[in-house]
Amino acid sequence: MLIPDAEHDDLVLGERPLIVCDIDEVVLEFVTPFQAFLTDNGHELRPTSFSLNGNVFSLAHGGETPKDEIARLLEAFFSCQEDWQTPVVEAAESLGRLSGEADIVFLTAMPPRHRDVRRKLLSRHGFDYPMIATESAKGPAVMALHGSRTQPVVFLDDIFVNLQSVRQHVPQTLLLNLIANDMFRSLAPHPGDGVEIVTDWAHAETMIKAHFASAGK
């Protein structure tokens with residue numbers, strides 16, 4: 001299993017369906033705690049588009065925060081994410097039930113250097129599933145994970161580029177677009193053909209179980 005530029009836990013998949021799940025805005029709140037972090041550091045998120053760049057402003061003078069400063073703030077946020085991020089509602093409960101019939105792997109685009117901090121945070125909240133941290137495209141990563149297996153595969157993410165990357169490389173995947181933050185969900189572009197939009201984890205769990213049931217017929 002070769003996933004370029006990745007750091008990951010031990011990965012052993014059984015002869016079961018596979019759920020590959022993004023983390024930020026899918027199982028851990030990101031936008032809401034990052035808003036609080038920005039305020040604590042002299043900035044404010046005023047979202048008018050599905051992006052951080054162009055939507056962050058200085059509290060001191062009201063000017064737009066430059067991209068390089070946003071990147072610095074993101075780096076600082078991920079370094080102390082344990083102090084800010086909390087689970088998305090029902091994520092742990094839904095994944096706990098789904099783990100009875102499927103293998104679950106987290107695939108996060110967070111820089112791999114923050115893997116240990118995130119691993120500790122996930123385990124604290126009961127997300128004891130293996131994690132891959134990579135900034136490479138997610139389609140090849142899911143393809144490397146799933147390989148030639150015939151079991152059903154599901155991928156959940158908040159970013160349409162990641163969903164379409166998986167669609168290109170593993171076209172049989174059930175693709176679910178999940179965005180926890182209501183404001184950013186309303187600003188998000190359509191995730192594209194072949195992707196189902198789910199409103200919360202109850203909705204996602206229902207669709208995943210139906211997918212597994214139909215594959216077993």
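Tutor: A cavity is a set of points, on a 1 Å grid over the protein atoms alone, where a 1.4 Å probe fits but cannot get out; a pocket is an open set with protein on both sides within 12 Å along at least five of seven lines, and lining residues have an atom within 4 Å of a point. A volume is the space filled by probe spheres set on the points, which are joined across faces, edges and corners.

This is a predicted model, in which local features need pLDDT of at least 70 and side-chain atom pairs count only at pLDDT 80 or more, while totals for chains, interfaces and linings use all residues. Residues are numbered from 1 along each chain as its sequence is written, and side-chain values use heavy atoms, with hydrogens and water left out.

The count comes to 1 cavity of 30 Å³ or more, and the largest cavity has a volume of about 30 Å³. Its lining is made up of Phe50, Asp158, Ile159, Phe160, Asn177, Ile179, Ala188 and Pro189. By class, 6 of these are nonpolar, 1 is polar and 1 is charged (Ala, Val, Leu, Ile, Met, Phe, Trp, Tyr, Cys and Pro count as nonpolar, Asp, Glu, Lys and Arg as charged, and the others, Gly among them, as polar).

The largest pocket has a volume of about 710 Å³. Of its 29 lining residues, Asp24, Phe30, Phe78, Ala109 and Ile159 lie nearest its centre. Helix 2 (residues 67–79) gives the most to it, with 6 residues. Helices (H or I, at least four residues) and strands (E, at least two) are DSSP runs, numbered from the N terminus.

Now the strands. In strand 5 (residues 103–108), 6 of 6 residues are buried, that is, under 20% relative accessible area, with exposed over 50% and partly exposed in between (1.4 Å probe, protein chains only). Asp103, Val105 and Leu107 point one way, and Ile104, Phe106 and Thr108 the other.

Two strands pair if DSSP finds at least two bridges between them. Strand 2 (residues 18–21) runs parallel to strand 5, joined by 4 bridges, with Val20 opposite Val105. Strand 6 (residues 131–134) is also parallel to strand 5, through 3 bridges, and there Phe106 stands opposite Met131.
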